[in-house]
Amino acid sequence: MRKELVEKIKNDPNYIELVTKRTAFSIKLTIAILVVYFAFILTIAFDPTLLGTPMSSDSVTTIGIPIGMAVIVFAFILTGIYTRRANTEFDDLSNKIKKSVKDL
Amino acid sequence: MQRVLTFLILSALTLFASDVITGEVQKQGLNMSAIVMFFIFVGATLGITYWAAKRTKSAKDFYTAGGGITGFQNGMAIAGDYMSAASFLGISGLVYSKGYDGLIYSIGFLVGWPIILFMIAEPLRNLGKYTFADVASYRLRQGPIRTLAAFGSITTVILYLIAQIVGSGKLIQLLFGLQYEVAVILVGVLMVLYVTFGGMLATTWVQIVKAFLLLAGATFMAIAVMAHYDFSFGKLFATATELKDISIMSPGKLVSDPISAISLAVALMFGTAGLPHILMRFFTVSDAKEARKSVFYATGFIGYFYILTFIIGFGAIVMVFKNPQYLDMAKQAIEGGSPILGGNDMAAIHLSHAVGGDFFLGFISAVAFATILAVVSGLTLAGASAISHDLYASVWKKGQVDGLKEMQVSKMATVGLGIIAIIMGIAFEKQNIAFVVGLAFAIAASANFPILFLSMYWRKLTTRGAVIGGTIGLATAVILVILGPTVWVDLLKNASPIFPYKYPALFSVIAAFVGIYIFSVTDNSEGAKAEREAFEAQFIRSQTGIGAEGASEH
């Protein structure tokens with residue numbers, strides 16, 4: 001990539017907006033999955049019996065089952081949230097940047 | 001052709017009938033329906049290979065299927081790569097024997113995917129061409145970085161290949177009654193055929209077909225199980241706990257202490273993001289948008305699959321466990337209890353027979369075989385690319401080589417890897433290889449991932465830092481696995497391990513990051529200065545895709 005191209009994109013408000021917004025969004029979502037997963041795994045490590053609590057007194061199903069399933073579904077939903085925003089908002093921004101440097 | 005088919009179907013039916021009469025279906029002789037379906041699958045995949053071979057003309061076609069795979073197809077292929085026979089049979093077997101622990105394990109394998117999407121997928125697609133070393137060496141010195149990355153890739157690939165091929169030999173031996181060596185050679189030869197002739201295009205479609213078959217088969221099994229219990233989890237679990245024990249509903253011994261728990265989590269999360277055959281899949285799509293769609297679909301398929309394996313594991317408890325048809329009486333006579341034929345990993349296979357008879361058993365056996373073939377093909381292609389693209393074309397020839405020559409070297413490397421896989425597969429038949437996959441993940445997490453991640457996001461990274469830190473991570477992972485319980489005690493028969501934890505990743509990943517940091521920030525050479533200055537341009541390309549490799553024209 002040539003130097004003037006780098007300089008131009010670096011100062012492009014669309015580029016600055018893209019990088020700031022996407023970085024913040026990625027970090028937030030990464031923290032979300034890490035917090036949920038580590039909360040799950042460390043709960044098991046520190047108190048193995050907690051997730052073994054039955055859902056109700058006459059049921060053998062433990063609260064760990066829906067919680068575990070929920071972690072799987074949560075991971076999938078997060079990827080959906082990211083993909084949706086990136087496919088629209090972030091792609092619009094990068095298309096604008098691409099357009100502005102097309103002639104360079 | 002028609003006659004042959006009629007004959008095959010008739011003989012399958014005869015066999016089915018005779019099995020019903022004698023009731024000895026689990027005697028591992030020839031399972032006709034399995035063999036028929038196996039031939040159909042092999043025929044179809046060779047057809048795919050023939051079709052792909054005609055479309056594989058350039059190096060780009062060979063490595064990345066021309067870059068024209070769609071996000072949905074690639075998501076399916078990634079799922080096909082990731083849902084190995086080990087995870088299908090292993091996790092359903094773990095649920096079958098330990099209940100809830102199987103779910104904990106599968107969740108660990110899934111959570112790496114969102115992180116790959118948020119951090120890795122798009123910059124990887126925007127910066128790379130054929131291998132992840134393209135990205136790691138983008139602004140660093142080609143020679144040392146590619147050598148290290150290729151070494152990390154090849155080690156991961158060979159370890160993973162050994163695990164898959166030994167497992168496959170035993171599985172095929174059990175399912176089809178073939179001799180172990182014959183099974184290993186068969187797998188090795190087929191994978192070399194797919195990869196050398198059909199390249200990435202054939203590999204991708206074999207993976208897509210296999211992912212579809214595996215998801216369809218697993219869905220059928222899960223529905224069949226749930227139908228027995230009026231689609232009520234409560235009833236299924238109630239029956240399972242009556243047969244086994246209430247403890248299967250709670251976390252067991254898989255996660256014993258917090259350090260092991262975190263270390264396993266780190267290995268699975270970052271290891272997934274450092275597996276060369278997984279990373280390579282991102283170069284098969286046209287742009288960053290398709291790359292992120294791939295992860296979205298892949299996460300969906302893989303998550304759905306893990307929920308199915310959980311149901312299948314419990315289904316096996318209620319329909320296979322204590323079912324005299326699947327009882328291994330010889331083993332029971334020695335060890336007591338209710339062992340099933342072929343061990344716990346066969347739980348899903350027996351369940352397929354319990355819900356769908358011989359025909360469905362044949363289908364699932366053929367799918368398990370297809371699974372092995374698809375995974376080893378992806379691995380071999382990734383290993384061969386590291387040899388031809390990184391070591392041969394970039395390090396040795398310094399990029400001065402044409403694509404066709406590079407492709408030839410890649411095909412030779414594929415044959416070489418096939419031979420290594422067959423020899424290792426036969427050599428390791430009787431060895432305890434439980435540590436191998438763990439070691440592969442540890443190396444991927446401690447050497448491949450830190451270099452890749454920091455090269456994308458950290459301006460101050462230098463060649464010196466990446467090479468020394470990456471080597472420290474790799475060495476720490478290998479040494480700690482050797483000194484840990486799986487090798488030092490289980491394999492080398494020492495009394496107690498020198499390093500107490502089974503999973504070294506927490507320590508080796510930290511060692512890698514600290515090493516890379518120290519040896520980068522203290523690097524004041526001229527080269528280091530230039531590498532830091534080149535970050536800006538690289539970062540712009542990684543974020544916007546300007547200048548990125550596109551799909552090929554045809």
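**Helix packing and chain contact in chain B**

Helices α9(B) and α19(B) run roughly parallel to each other (an angle under 35 degrees), helices being DSSP runs of H or I of at least four residues, and strands runs of E of at least two, numbered from the N terminus. The model is predicted, with local features requiring pLDDT of at least 70 and side-chain atom pairs pLDDT 80 or more, whereas totals for chains, interfaces and linings use all residues. Residues are numbered from 1 along each chain as written, and chains are lettered from A and ligands numbered from 1 in the order of writing.

The axes of α9 (residues 142–176) and α19 (residues 463–483) of chain B, fitted to C-alpha atoms over the stretch in contact, lie 9 Å apart at an angle of about 20°, on a scale from 0 to 180 degrees between N-to-C directions. Pro144(B), Ile145(B), Leu148(B) and Gly152(B) of α9(B) are in contact (C-beta atoms, placed from the backbone, within 7 Å) with residues of α19(B) that include Ala466(B), Val467(B) and Leu474(B).

Chain B as a whole contains 23 helices and zero strands, and its C-alpha atoms fill a box of roughly 80 × 60 × 45 Å along the principal axes. Of its 554 residues, 63% count as buried (20 or more other C-beta atoms within 10 Å of the residue's own).

The contact between the chains takes 45 residues from chain B and 46 residues from chain A. On the side of chain B that touches chain A, α14(B) gives the most, with ten residues.

How values were computed
Two residues are in contact if their C-beta atoms, placed from the backbone, lie within 7 Å. Angles under 35 degrees count as roughly parallel, over 145 as roughly antiparallel, 65 to 115 as roughly perpendicular and the rest as oblique. A residue is buried if 20 or more other C-beta atoms lie within 10 Å of its own, exposed if 12 or fewer, and partly exposed in between; C-beta atoms are placed from the backbone.
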